[in-house]
2 protein chains.
Amino acid sequence: MDTNLNAVPDVVILRLPLYIRALNVLLNEQKDVVSSRQLGSFLQMEPAQIRKDLSYFGRFGKQGRGYNVEFLVNELGQILGLDRKWLTCLVGMGRLGQAIINYPGFAPEGFDIVAAFDSDTRQIGTDVGGIKVLPMLSIGPTIEKRKVAIAIVAVPAQQAQSVVDQLIHAGIKGILNYAPVALKVPTDIVMRNIDPVVSLQSLTFYLLRNQQR
Amino acid sequence: MDTNLNAVPDVVILRLPLYIRALNVLLNEQKDVVSSRQLGSFLQMEPAQIRKDLSYFGRFGKQGRGYNVEFLVNELGQILGLDRKWLTCLVGMGRLGQAIINYPGFAPEGFDIVAAFDSDTRQIGTDVGGIKVLPMLSIGPTIEKRKVAIAIVAVPAQQAQSVVDQLIHAGIKGILNYAPVALKVPTDIVMRNIDPVVSLQSLTFYLLRNQQR
């Protein structure tokens with residue numbers, strides 16, 4: 001593909017996983033071809049927006065013929081790097097960490113949690129979901145040895161920045177942060193924040209508007 | 001305000017909480033006025049995008065003078081309904097539910113978790129974070145009696161749809177879903193999904209691109 005991936009807006013990248021989910025549902029329903037209108041009604045998006053988003057990556061559909069579902073889902077998966085395994089570690093094995101390591105959604109999508117760390121001596125050495133909890137001092141050596149690319153951070157807010165600094169120092173390039181705090185990372189590190197409050201704060205807009213109808 | 005709130009795109013509403021966070025940081029730094037350029041560099045967004053987003057809600061800034069930080073943060077908070085308390089309940093008191101009820105971010109932002117439910121008889125009657133866990137049968141009466149508006153769903157995927165149906169039947173209008181499954185809700189119900197895999201799936205795009213540089 002002779003696409004300039006640097007030119008693709010972040011919001012478009014953020015939408016690709018949603019397209020992939022929708023396409024996988026259609027694939028399961030034995031659909032071969034889908035139009036931007038059908039995909040739009042599925043995702044509650046404008047067809048023009050979908051066509052524009054996909055056009056960043058080259059020609060996926062023939063004018064008026066729709067998209068080949070299987071081809072599109074594979075291409076988008078490749079663009080996002082979902083055709084490979086991503087070794088992932090988890091820092092923080094409190095209630096949240098325990099919930100994350102038992103979350104069934106990561107492994108089937110290629111995110112293999114291969115190491116877990118905690119500072120609590122009562123946790124260290126225990127086996128959680130088949131993974132042995134290691135002390136924080138092991139972060140560096142483990143990440144280097146196993147070539148872990150992604151870290152999930154589930155420590156309390158006040159520890160999060162120092163943990164993230166350690167992870168980056170050890171070579172981690174991607175971080176999924178659950179701690180309710182704004183963290184600073186260098187520009188070559190990619191970070192996503194799980195923030196339930198932000199989700200609730202946009203939800204209230206609609207509750208209010210629907211009340212006033 | 002004589003704005004037609006129905007005309008505001010969802011993506012704009014989703015960005016308002018991020019503006020509010022940035023403005024609160026500026027307010028703490030005793031900043032009185034902020035330009036769209038400053039806000040843009042803070043949020044890594046185009047100033048023109050910020051001006052366009054805010055223009056949906058009327059005139060917040062004077063041409064070339066920037067925005068009054070305190071005024072803007074209050075107005076946006078009012079638009080989102082963040083100037084009031086939202087009674088919230090939590091369904092599912094497993095590891096994830098326990099982590100959520102102990103999450104320190106909800107109450108300061110006006111989301112008061114006032115009730116918790118679980119189907120596990122070992123959980124029912126116990127006190128978690130100052131809240132007594134009630135049986136699932138209590139969902140209807142509790143929500144009606146206490147006028148709970150929002151529900152957080154932290155049950156396993158296979159139970160989520162039935163729980164959501166019960167919640168809606170009881171009068172819940174807004175749902176924050178943690179279960180890794182696509183749920184169906186009527187059009188007058190607002191639902192947000194916490195989905196860590198979707199966050200990871202867009203993150204990998206950048207990891208891949210940075211590797212190839």
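In chain A, 7 strands make up an open sheet of mixed pairing, ordered S6-S7-S5-S4-S8-S9-S10. Strands S6 (127-128) and S10 (190-193) of chain A are at the edges with a single partner strand each, so one side of each has no neighbour in the sheet. Strands (E, at least two residues) and helices (H or I, at least four) are DSSP runs numbered from the N terminus, and two strands pair if DSSP finds at least two bridges between them. This is a predicted model, in which local features need pLDDT of at least 70, side-chain atom pairs count only at pLDDT 80 or more, and totals for chains, interfaces and linings use all residues. Residues are numbered from 1 along each chain as its sequence is written, chains are lettered from A and ligands numbered from 1 in the order written, and side-chain values use heavy atoms, without hydrogens and water.

Within the sheet, S4 (residues 86-91) and S5 (residues 111-118) of chain A pair in the parallel sense over 6 bridges. Cys89(A) has Ala115(A) in S5(A) as its bridge partner. Cys89(A) is buried, because its relative accessibility is 0% (buried means under 20% relative accessible area, exposed over 50%, partly exposed in between, with a 1.4 Å probe and protein chains only).

Two loop residues of chain A remain. Gln30(A), between helix H1 (10-28) and strand S1 (33-34) of chain A, has a positive phi of about 65° though it is not a glycine, and is exposed at 66% relative accessible area. Lys147(A) lies in the loop between H6 and S8 of chain A; its phi is also positive, near 55°.
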